[in-house]
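Subject: Structure handover

Dear colleague,

Here is the structure I said I would pass on. Please keep it open while you read the notes below it.

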Amino acid sequence: MYLKNQFYLCIFIFSSFSPAVNAQAQDAQIINLNISHYIPLITGQIEEKEIKLLFDTGSNAPLILNDKILQNLNTVTKTGRTRKSIDSSGKITSTDEVIIPKLTLSSMTIPCINTYSYQPWGLKFSPDKTTNTKEEGLIADNFHEQQDGIIGINLFSNKKIIIDYSNQRIIIFDHDAIPSPYNKKKWQKMSYQSSSESLVISGKINNLKAATFLLDTGATASILKPTILGNIDQNLVSLNFNNFKLEDHFFHNIEFQEPQVDGILGYNFFNTTLVLIDLVNQNIFLAGL
């Protein structure tokens, strides 16, 4: 999860569709995911250099790159601006903004992207270790340094995205019809809040307590503030999002400063749920596998 208050994106252009794309997805773009250490990675190219990018719906910045990658690029243009960001522990960092001429993801080409470097941030937790404490969950900074950068949700502005962990892929499309075979699923629709916290949805815990949640593929596990359950030490709860229900969803009970939500839905949520994000109409659709 990497949060940013402002971003700049020059233009967004999709290349012609590749003939290698699965015909079942019709005219949609398929981008493969590599789920590693509970986070989804996408392989991309900048200046014909292969890079590993974390796909992070908890980030509203289109693209963030490791400083080591930026230093080795020949076509970067500095804008003279700096940007501030804040992580889940409340730490604020400032970085220089630059422009890269082109990013390639599979058969998709995105030119002229304003980006900036990031610093290591956040906490990593196991998605299912019920005895995991905050101290046990904290990891070394080099966990995030192993990635070359971050793709935020707004890189796909004005598109629709299906996140499918079970098949390790995301589907990008812009028409109203949901691509096959996902059109056969029973999707439950709800709106989301779009703010500095990116994609936030409302739901109920144990059918009683109303709460807000950040959809965050960059989180290695789901996290819930202890005060939401009245400081009751409970890790398994039921969730209800507009009648889309999940039973015995595991949360780490951890206090965090950012983002300004009650909980974070991380790896174990996406690993059991299909998520369709409509960035045009600001809707979320959830379905079972």
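The notes that follow cover confidence, the sheet, the cores and some single residues.

This is a predicted model, in which local features need pLDDT of at least 70, side-chain atom pairs count only at pLDDT 80 or more, and totals for chains, interfaces and linings use all residues. Residues are numbered from 1 along each chain as its sequence is written, and side-chain values use heavy atoms, with hydrogens and water left out.

Confidence

pLDDT is the predictor's confidence in each residue, from 0 to 100. Its mean over the chain is 80, and 76% of the residues reach 70 or more. Where pLDDT is low, predicted coordinates should not be read in detail.

The sheet

Strands here are DSSP runs (E, at least two residues), numbered from the N terminus; two of them pair if DSSP finds at least two bridges between them. Six strands form an open sheet with antiparallel pairing, in the order β2-β12-β11-β22-β23-β13. At its edges are β2 (29–32) and β13, each of which pairs on one side only. Neighbouring strands are turned by 20° against each other on average, direction ignored; the axes behind this angle are lines fitted to C-alpha atoms, and angles run from 0 to 180 degrees between N-to-C directions. Between β2 and β12, which run antiparallel, there are four bridges. I30 has I171 of β12 as its bridge partner.

The cores

A nonpolar core is a set of buried Ala, Val, Leu, Ile, Met, Phe, Trp, Tyr and Cys residues joined through side-chain atoms within 4.5 Å. Buried means under 20% relative accessible area, exposed over 50%, and partly exposed in between (1.4 Å probe, protein chains only). The largest core has 54 residues, of which L105, F156, I170 and F213 touch the most other members. Strand β8 (residues 92–105) gives the largest share of this core, four residues. Apart from it lies another core, of 11 residues, among them A28, I30, W187 and A287. Leaving aside neighbours within four places in sequence, F213 is in contact with residues including L199, V200, L224, F241 and I264.

Single residues

I110 lies in strand β9 (residues 108–118) and is buried, with a relative accessible area of 0%.

The loop between β12 (169–173) and β13 (188–191) holds H175. H175 counts as buried because its relative accessibility is 18%. Its side chain reaches the backbone oxygen of A177 at 2.6 Å. P181 is in the loop between β12 and β13 too, and a cis peptide bond with omega of about 5° joins S180 and P181.

Most residues other than glycine have a negative phi, and most peptide bonds are trans. H37, not a glycine, has a positive phi of about 55°. H37 lies in the loop between β3 (34–36) and β4 (39–46) and is partly exposed, at 48% relative accessible area. N158 also has a positive phi, near 65°. N158 is in the loop between β10 (149–152) and β11 (160–164), and its relative accessibility of 54% makes N158 count as exposed.

Regards

Definitions and conventions. A polar contact is a pair of N or O atoms within 3.5 Å; within protein, one must be able to donate a hydrogen and the other to accept it, and residues adjacent in sequence count only if both atoms are side-chain atoms. Contact means heavy atoms within 4.5 Å.
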